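These are my notes from going through the model, one topic to an entry.

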Amino acid sequence: MELGKAGQETVVIHSVERDVLVPAGPDEAWQAVADPERLGDWLGGEIELDPVPGGEFHISFEDGEERSGFVEELDPDAHRFAFWWRRPDDELATRVEISLDEAEDGTLVRVLETSPLATLDLVGIPLPSRGTGGPTALALACA
Amino acid sequence: MSGEPVFAALSDATRRTLLTRLADGGPATATQLAAELPITRQGVVKHLEALREAQLVTSVREGREVRYSVTPAPLADAVGWIADVGGQWDSRLAALQAQFSQPRTK
């Protein structure tokens, strides 16, 4: 198996990034993230969470799928929510980060889901580009 | 904290450093890693063991040493994951936008 060059600072890990513009200011948009009922509404399930670092996170999707994990950070000042989740039969958890950016005509809500583990074998192997959904190189140390 | 070995393994900065080093630099023994990084050999062994329990690294005995490498996973899995997860977020963000296009009563 070919691995990346020695001394490289980063590894390629797979990730999906999406964003959407909502017609509201950052504080109003944040309510759709911080309020578990509103968050659950757009994530498509019922959420239970303990909003502290390390607190439990659980979502029951409408189709019966369950995922659980923990809260990494729920920061109302920075407007950033990071959590980890996995299905009961998944070996690996993925990390989801939701962050807000004020835009001219609303707020840009960004979502980044990364699977920092499963792709470590991909180091040095380019993946086909898929536009905004393509893989992103990130420092694992920051994951 | 959660009892999940993967969560626990990744929650530690030293273990992330070791994992990054193994991914970037290729397989290595604990002695080699201890020489390259500001961690004692004993510390390296302890952290590698946690990574191995979480199935993030595998180990092969070579004489008196054990060589560690990052666990491989099929390329196809990664591409499939990106397509699946991307599609899920497309639907979810459309639902988020819908929340704002139908203003909630105050």
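Entry 1: I looked up the partner of Ser68(A) and found Arg86(A), its bridge partner in strand 5 of chain A. The model is a predicted one. Strand 4 and strand 5 of chain A pair in the antiparallel sense, over 7 bridges. The two strands form a hairpin with 4 residues between them.

I then checked the turn. His79(A) sits in the loop between strand 4 (66–75) and strand 5 (80–86) of chain A. Its phi is near 55 degrees, which is a positive value in a residue other than glycine. Is His79(A) buried, partly exposed or exposed? I counted 19 other C-beta atoms within 10 Å of His79(A); burial takes 20 or more, so His79(A) is partly exposed.

I followed strand 5 of chain A to its other partner. Strand 6 (residues 94–103) of chain A pairs with strand 5 of chain A in the antiparallel sense, over 6 bridges. In that pairing I noted Ala82(A) opposite Glu97(A) of strand 6 of chain A.

**Entry 2: the two helices of chain A.** I took the order of elements next. Chain A has 2 helices and 8 strands, and from the N terminus they run β-α-α-β-β-β-β-β-β-β.

How do helix 1 and helix 2 of chain A lie to each other? Helix 1 (residues 26–34) of chain A packs on helix 2 of chain A at an angle of about 75 degrees, and their axes are 5 Å apart. Angles of 65 to 115 degrees count as roughly perpendicular, so the two helices are roughly perpendicular to each other. Helix 1 of chain A contributes Gln31(A), Ala32(A) and Val33(A) to the contact, and helix 2 of chain A contributes Arg38(A), Leu39(A) and Trp42(A). By class, I listed 4 nonpolar, 1 polar and 1 charged residues in this contact.

I looked for burial in helix 2 (residues 36–43) of chain A and noted Leu39(A), Trp42(A) and Leu43(A) as buried. These residues cover an arc of only 100 degrees around the axis, so they are on the same side of helix 2 of chain A. An α-helix has 3.6 residues a turn, so residues three or four places apart point the same way.

**Entry 3: after helix 2 of chain A.** Gly44(A) follows helix 2 of chain A and has a positive phi, near 90 degrees. I asked what meets this glycine from elsewhere in the chain. Phe61(A), leaving aside its neighbours within four places in sequence, is in contact with Gly44(A) and Gly45(A). Phe61(A) belongs to strand 3 (residues 56–61) of chain A. From Phe61(A) to Leu43(A) I read 18 residues in sequence and 8.1 Å in space, C-alpha to C-alpha. Phe61(A) has 14 other C-beta atoms within 10 Å and is partly exposed.

For chain A as a whole, I noted that 34% of the 143 residues count as buried. Of the contacts in chain A with a separation of 6 or more, 44% come from residues 24 or more positions apart.

**Entry 4: the sheet of chain B.** I turned to chain B and found an open sheet of 3 strands, in the order 1-3-2, with antiparallel pairing. Strand 1 (28–29) and strand 2 (57–62) of chain B are the edge strands, each pairing on one side only. Strand 2 and strand 3 (residues 65–70) of chain B pair over 6 bridges. Within strand 3 of chain B, Val66(B) is the bridge partner of Arg61(B). Helix 2 (residues 13–25) of chain B packs on the sheet and touches strand 1, strand 2 and strand 3 of chain B. I read about 85 degrees between its direction and that of strand 3 of chain B.

Technical notes: Residues numbered from 1 in each chain as written. Chains lettered and ligands numbered in written order. Predicted model: local features only at pLDDT ≥ 70, side-chain atom pairs only at ≥ 80, totals over all residues. Pairing = 2+ DSSP bridges. Contact = placed C-beta atoms within 7 Å. Axes fitted to C-alpha atoms, helices over the stretch in contact; angles between N-to-C directions. Buried ≥ 20, exposed ≤ 12 C-beta atoms within 10 Å, placed from the backbone. Arc of directions from axis to C-beta. Parallel < 35°, antiparallel > 145°, perpendicular 65-115°, else oblique. Nonpolar A, V, L, I, M, F, W, Y, C, P; charged D, E, K, R; others polar.
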